[in-house]
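Visitor: I would like to go through the labels attached to this structure and hear what each one rests on. Please show it first.

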Amino acid sequence: MYAHRPTEVEIDLAALRHNYLLLRQALPPQVALLAVVKADAYGHGAVAVARCLQQAGADLFGVAIVEEALELRQAGIDRPILLLGGAWPGQEDCLVQHQLQTAVFEMAQLERLQAAAARRGRRCACHLKLDSGMGRLGVQPAELPAFLEEWHRFPALDLVGVMTHLAMADLPAHPHNSAQLRHFAEAVALVRQAGFSPRYLHAANSAASLAQPAGLCTLVRPGIALYGGQPFEDQPLAGLQPVMHFHSRIAHLRELPPGHSVSYGQLFVARRPTRIAAVPVGYADGFNRRLSAGGAVLIRGQRAPIAGRICMDWTLIDVTDLADVQVNDRVTLLGCDGDQCIRAEEWAERIGTIAYEVFCQVSKRVPRHYLGQTLLPAAESPAAAGGVVS
Ligand SMILES: *Cc1c(COP(=O)(O)O)cnc(C)c1O
């Protein structure tokens, strides 16, 4: 009946583009947009996402590691790519060769980058990363004057950006945001006094780019909102569309008598004649095992509860209350069916995490299919855009 296991993720590129435009339209036109596509575009598939966003007009891309940047370069992405956390020692040649931009915050990084750039007779574009209150990476404000003073020893390094990262951006009214932005503004003033004129000043992730007026920033770095995840902790933002839709199909149906238990640990025991659907998706696919208690899926536009524990490769669903359920019916784990939707935030709340982790956990075993390429303008054929369908 099937040529393959019917468990798959559909990535709605039209929704991605919609979310991109929503973010773009919230910004002053002179502010550049760096689309964050680290971690395989939060599990959505970095190449297809970056092709779609490059075509939509994203100015730069942001990744966590050199390998992610190379994947994009090999796929023909030619916009600037920024390594948000810097390169690992030994990767500098590769970084220079592929003209990647990088965050910098330690003298040793500058030494290695300078050496690599000089070896190739190239320049390297760097974004000075400031720790304005995240406590993770970055030059501490007190170290900044000395850091800038030393920079003059590195003639091949161009200081093209100054960046920082906000710890409380998902709660826009929190005073830590304004404190961090104050430190950032002071740092930018010092950088300018030291004779640099960085083109890119940036502090904002999705939440901050939607909540804060750009202020002195000339670039924003949204990630989660592009994928339709809610950026704010305290208030939902209307208009973002989910991009990831996670589906399977009913593989088997069985009738169980009262008293019969279901799955490991006998957590579920039938109290009535019960109809159970076996669905070929499990925690190895990213269907988190902690959804077992209280989680649901959508079948024929209705919610149906998970029965017993989610297994590695299978999940059992109590479909007793659904009329006309049949083998091969579509099962929606994430996304919409009719007017019912299950958003990543619903999973996140149930399992004690955030939508980011829900997306990242959908495993590589689940094939991604890309929808929405037909919405490309006629003038931009998929070939011209580097191909949108992967
Ligand atoms: C991941 C990341 C972002 C994107 O954050 P979202 O909350 O997903 O918008 C922005 N900046 C840096 C430095 C990041 O690491």
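Visitor: What angle do the axes of helix α7 and helix α8 make where they cross?

Guide: In this predicted model, the axes of α7 (residues 144-151) and α8 (residues 175-193) cross at roughly 30 degrees and come within 10 Å.

Visitor: Why are α7 and α8 called roughly parallel to each other?

Guide: Angles under 35 degrees count as roughly parallel. The crossing angle is roughly 30 degrees, and α7 and α8 are therefore given that label. The crossing is right-handed. On the α7 side the contact is made by Leu144, Pro145 and Leu148, and on the α8 side by Ala187, Leu190 and Val191.

Visitor: What makes Arg330 and Glu10 a salt bridge?

Guide: The cut-off is a side-chain nitrogen of Lys or Arg within 4 Å of a carboxyl oxygen of Asp or Glu. For Arg330 and Glu10 the closest N and O atoms are 3.3 Å apart, and the pair forms a salt bridge. Arg330 sits in strand β18 (residues 330-337) and Glu10 in strand β1 (residues 8-12), so these are distant parts of the chain, 320 residues apart.

Visitor: What is the distance between the closest N and O atoms of Arg120 and Asp93?

Guide: The distance is 4.0 Å, and Arg120 forms a salt bridge with Asp93. Arg120 has 40% relative accessibility, so Arg120 counts as partly exposed. Asp93, at 29%, is partly exposed too.

Visitor: How do you know that the pair of Asp318 and Arg272 ties together separate parts of the sequence?

Guide: The salt bridge itself has its closest N and O atoms 3.7 Å apart. Asp318 lies in strand β17 (residues 315-318), whereas Arg272 lies in the loop between β13 (268-269) and β14 (274-279), so the pair joins parts that are 46 residues apart in sequence. Asp318 is buried because its relative accessible area is 10%, and Arg272 counts as partly exposed because its value is 34%.

Visitor: How many salt bridges does the structure hold, and which residues are linked in a network of them?

Guide: The structure holds 17 salt bridges. Arg5, Asp285, Asp313 and Arg365 are linked in a network.

Visitor: What makes the phi of Ala39 worth a remark?

Guide: Most residues other than glycine have a negative phi. The phi of Ala39 is near 50 degrees, a positive value. Ala39 is in helix α2 (residues 38-43), and at 37% relative accessibility Ala39 counts as partly exposed.

Visitor: Where is Gln99 found, and why is Gln99 called exposed?

Guide: Gln99 is in the loop between α5 (92-97) and β5 (101-104). Exposed means over 50% relative accessible area; Gln99 has 58%, so the label applies. Phi of Gln99 is also positive, near 50 degrees.

Visitor: Which domains is the chain divided into, and what distance separates their centres?

Guide: The chain is divided into domain 1 (13-227) and domain 2 (244-342). Taken over C-alpha atoms, the centres of domain 1 and domain 2 are 42 Å apart.

Conventions. Residues are numbered from 1 along each chain as its sequence is written. This is a predicted model: local features need pLDDT of at least 70, side-chain atom pairs count only at pLDDT 80 or more; totals for chains, interfaces and linings use all residues. Side-chain values use heavy atoms; hydrogens and water are left out. Domain bounds come from an automatic or database domain assignment. Helices (H or I, at least four residues) and strands (E, at least two) are DSSP runs, numbered from the N terminus. Buried means under 20% relative accessible area, exposed over 50%, partly exposed in between (1.4 Å probe, protein chains only). Axes are lines fitted to C-alpha atoms, for helices over the stretch in contact, and angles run from 0 to 180 degrees between N-to-C directions. Angles under 35 degrees count as roughly parallel, over 145 as roughly antiparallel, 65 to 115 as roughly perpendicular and the rest as oblique. A crossing is left-handed if the near helix is turned anticlockwise from the far one by less than a right angle, and right-handed if clockwise. Contact means heavy atoms within 4.5 Å.
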